[in-house]
Amino acid sequence: MVSFYPGPSRVYDGVPRWTAEAARKGILSMNHRSPAFMNMVKETCALLQTKLNVPKSYSIFFVSSATECWEILAQSLIDKDSLHIHNGAFGEKWYQYTKRLKPGATEFHFDRETLPDLSPVTAGAGTLLCLTHNETSNGTALPVTFMRETRKKFPSNLIAVDATSSMAGVALDFKLADAWFASVQKCFGLPAGLALLICSPAAMARAGQLNEALHYNSLVYMQAMMDKFQTTHTPNVLGIYLLNRSLRSRNRISVIDRAIRNRAKAWYSLFETHASLRPLIREPKVRSHTVVTVTAQPVYLEEIKKKTSKKGILLGEGYGNLKATTARVANFPAIKTLEIRRLMQIFHRL
Ligand SMILES: *Cc1c(COP(=O)(O)O)cnc(C)c1O
């Protein structure tokens, strides 16, 4: 079965081979305080810098999930309040999780066919701005021009970005925000259970100032451990190894970005000219490149899912209140051109 589900999704073909290699090399029982582990972490950070253009001045942390990142940021980077600018289910969830820990959290909801109009938006000096770069639930994304404008409008606020379904798929300008995070079961093409949190010097300074130290995953503790290329807990060592191996054989993000954008273009033009399917998002400016959402009559969608599954392809279900009326097609780097061609052929014949 080839999974076009937008997470967990298809993993790289190398994963079984790299896992066997990890077993052979003793990685599976590697001590997380050993020099070998520290070396692996150091090397993986360097790979993230070269392959994804993560700035050298930014701190990289290995955590368990994007959901954990929501809590880490709420604990360690928010004093009183945060502002969640969102248009869908994941942004909404982030807001809800934060509000439980920091009741001062507020939200600014925008329409999924438009970019958020920030002109009426104000934020206090300590407010953490929270953006979902790629809203996996509906297939929208924030273009780099918007990220740049936001950085300009709020020069002294920290900006946090959930890039779970776009990091490692499209090129990100990390300098435009202070905390970026993603779990690896989406564009990284790896099995779930590992996530990355990437923080600017300003974010780390703020964490030091707030000095929140109540949790094993308080940023100040995580930083103290990462200074030694270690983690506060026993991490997903195999996950880090797989990340290391996959990054080594990966192209630079600029090359991947180009391919992903071209594939997205092909998907949208197929659906725009299809007899019964339509892209859910009509405005090209806000369409995601990594998650393509299509809409059709519910009975028709059911039929499509049956047909694709008979041919060994798993389509992504709609998410939340879009469940019955949409399907999602992951456009992640690990999916092969040949597999895309096969799925496109099924759609063409419908
Ligand atoms: C998948 C996803 C999450 C949740 O990721 P976990 O690894 O399950 O915590 C959060 N945000 C976005 C945008 C996602 O796509």
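**Helix packing and the ligand surroundings**

Tutor: Helix 2 passes helix 8 in a left-handed crossing. Please keep in mind that the model is predicted. Helix 2 covers residues 35–52 and helix 8 covers residues 237–249; the two pack at an angle of about 40°, and their axes lie 9 Å apart. Angles under 35 degrees count as roughly parallel, and those from 65 to 115 as roughly perpendicular. Helix 2 and helix 8 are therefore oblique to each other. On the side of helix 2, the residues that meet helix 8 are Phe37, Met40, Glu43, Thr44, Leu47, Leu48 and Lys51. Helix 8 contributes Val237, Ile240, Tyr241, Leu243, Asn244, Leu247 and Arg248. Sorted by class, this contact comprises nine nonpolar, two polar and three charged residues.

A second pair to consider is helix 3, residues 66–77, with helix 4, residues 89–101. Their axes are 9 Å apart, and the packing angle is about 45°. Helix 3 and helix 4 are therefore oblique to each other. Here the crossing of helix 3 past helix 4 is right-handed. From helix 3, the contact is made by Thr67, Trp70, Glu71, Leu73, Ala74 and Gln75, and from helix 4 by Phe90, Lys93, Trp94, Tyr97, Thr98 and Leu101. These contact residues of helix 3 and helix 4 divide into seven nonpolar, three polar and two charged.

A polar atom in the side chain of Thr67 lies 2.6 Å from an oxygen atom of the ligand. For Ser183, an N or O atom of the side chain is 2.7 Å from a ligand oxygen atom. The side chain of Lys186 likewise has an N or O atom 2.7 Å from an oxygen atom of the ligand.

The last pair is helix 9, residues 253–272, with helix 11, residues 337–349. They pack at an angle of about 5°, with axes 11 Å apart. Helix 9 and helix 11 are therefore roughly parallel to each other. In helix 9, Arg263, Ala266, Trp267, Leu270 and Phe271 meet Thr337, Ile340, Leu343, Met344, Phe347 and His348 of helix 11. The contact of helix 9 with helix 11 has eight nonpolar residues, two polar and one charged.

Definitions and conventions
Residues numbered from 1 in each chain as written. Predicted model: local features only at pLDDT ≥ 70, side-chain atom pairs only at ≥ 80, totals over all residues. Heavy atoms only, no water. Axes fitted to C-alpha atoms, helices over the stretch in contact; angles between N-to-C directions. Helix = DSSP H or I, 4+ residues; strand = E, 2+ residues; numbered from the N terminus. Parallel < 35°, antiparallel > 145°, perpendicular 65-115°, else oblique. Left-handed = near helix turned anticlockwise from the far one by under 90°. Contact = heavy atoms within 4.5 Å. Nonpolar A, V, L, I, M, F, W, Y, C, P; charged D, E, K, R; others polar. Polar contact = N/O pair within 3.5 Å; in protein donor to acceptor, adjacent residues only side chain to side chain.
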